[in-house]
Amino acid sequence: MQSLKKYRRITVKIGSALLVDRTTGLKREWLASLAQDVGTLAAGGAEVLVVSSGAIALGRTILGLGKRALKLEESQAAAAVGQIALAGAWSDALGGHGLKSGQILLTLGDTEERRRYLNARATISTLLKMKAIPVINENDTVATSEIRYGDNDRLAARVATMMGADLLVLLSDIDGLYTAPPARDPSASFIPVVERITPDIEAMAGAAASELSRGGMRTKLDAGKIANAAGTAMVITSGTRLSPLMAIERGERATFFKPSPTPVKGYKTWIAGQLEPAGRLTVDAGAVGALMSGKSLLPAGVKLVSGNFARGDTVAILSPEGREIARGLVAYDAADAVRIAGLKTAEIETVLGYEARSAMIHRDDLVVSQAGAHGVGGQGGE
């Protein structure tokens, strides 16, 4: 494992189970040790961003709600109580090492809508310039199942790429990636380095293992795909020990995910990191080849349109086998995309009744995924 000292901007994600004991509440000794780690990195010149779960878990403990399943409004109320306690705890812990901190609560639209994405980025950038540690969480007080990130692994990856972090650290209850979930398969072997996240690597992931956490290895690999594509390295390691960041520095077990050698930049980072595509376009083999060579997606290559999307929404592009190979901003509403799928450019105006764009997705608004084409990257200005 490489030294953390080589990275200039580090995003650290902390899971709920690391911060909150289900009976006694906040794990203050552990938080103090992590704050000391952050202070050590900051003293060495690194900028550190913290993505902290724990609001609902902490609020549940404070309110005495036990381990039962919560209704949506109960979860939101628990988040409201827990978040204020969590923010205070972070402020106290970081303040003990001379560090200022600021709380950022994000909803899904804050990173998925371009204008709000830029606004969130500007706020966090200003905090970093002021030498304050941004402490970021999903705003669980208002999020519902339809409009949420669903897990803080992907939120952390979105934040890391939005802020141009060169390293994302996911602190978990497992010390890295194994060939199979070790709790179910004692013969599973540890993987220290992942060159890139392939379908074979994804097949090794298991499901979530704790009622305090929504994430699991699958969401961590989803986070890795987002981060690595934007040139951000990722580490998965155990956060259950004290001073977990310095444990990485000491060479204790962790899985290192290498960033793409041809990362997407600027505007295309936002497209590539979109968490939930509004629709999907299945294309033929000819279109796959065209996309791999850097060309736009034309209607002629589209075989199937699914989803209820509007012009300008992010859609996923699937190969004939159903594997996602790219994402892009679509130039047509879903209804019109269905009507012109498979048509040559000259036929579009006759069908739609107006002169239309020749591309379903222009190459300037399109990012080929690492899984789709190893070594194919997109460049785009801000």
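Strand β11 (233-238) is largely enclosed by the rest of the structure, because 6 of its 6 residues are buried, where buried denotes under 20% relative accessible area, exposed over 50% and partly exposed in between, with a 1.4 Å probe and protein chains only. Ala233, Val235 and Thr237 point one way from β11, while Met234, Ile236 and Ser238 point the other way. The model is predicted, with local features requiring pLDDT of at least 70 and side-chain atom pairs counted only at pLDDT 80 or more, whereas totals for chains, interfaces and linings use all residues. Residues are numbered from 1 along each chain as its sequence is written, and side-chain values use heavy atoms, with hydrogens and water left out.

Strand β11 belongs to an open sheet of 8 strands with mixed pairing, in the order β5-β6-β4-β1-β7-β11-β12-β10. Strands (E, at least two residues) and helices (H or I, at least four) are DSSP runs numbered from the N terminus, and two strands pair if DSSP finds at least two bridges between them. At the edges stand β5 (100-106) and β10 (193-194), each with a single partner strand, so one side of each has no neighbour in the sheet. On one side β11 runs parallel to β7, joined by 6 bridges, and leucine 168 is placed opposite methionine 234 in β11. Strands β11 and β12 run antiparallel and are joined by 4 bridges; here methionine 234 stands opposite phenylalanine 257 in β12. Strand β7 (residues 167-172) also pairs with β1 (residues 9-14), in the parallel sense over 5 bridges, and isoleucine 14 is found opposite leucine 171 in β7.

Helix α9 lies across β1, β7, β11 and β12 (254-257), and runs at about 155° to β11. Axes are lines fitted to C-alpha atoms, for helices over the stretch in contact, and angles run from 0 to 180 degrees between N-to-C directions. The axes of α9 (residues 217-229) and α7 (residues 152-162) come within 8 Å and cross at roughly 10°. The two helices, α7 and α9, are therefore roughly parallel to each other (under 35 degrees; over 145 is roughly antiparallel, 65 to 115 roughly perpendicular and the rest oblique). Contact, defined as heavy atoms within 4.5 Å, involves Asp153, Arg154, Ala157, Arg158 and Thr161 in α7, which meet Thr219, Lys220, Asp222, Ala223, Ile226 and Ala227 in α9.

A second open sheet has 5 strands in the order β14-β13-β15-β16-β17, again with mixed pairing. Its edges are β14 (302-307) and β17 (366-368), each with a single partner strand, so one side of each is left without a neighbour in the sheet. Neighbouring strands of this sheet are turned by 20° against each other on average, direction ignored. Strand β16 (residues 324-329) pairs with β17 in the antiparallel sense over 3 bridges, and alanine 326 is set opposite valine 368 in β17.

Rings of Phe, Tyr and Trp (its six-membered ring) pair if their centres lie within 6.5 Å, with planes under 30 degrees apart counted as stacked, over 60 as edge-to-face and the rest as tilted. The count comes to 3 aromatic pairs. Tyrosine 178 and phenylalanine 190 form an edge-to-face pair, at 5.5 Å centre to centre and with 70° between the planes. This pair links distant parts of the chain, 12 residues apart, with tyrosine 178 in β8 (residues 177-178) and phenylalanine 190 in β9 (residues 190-191). Tyrosine 178 is buried, with a relative accessible area of 11%. Tyr117, Tyr267 and Trp270 form one aromatic cluster.
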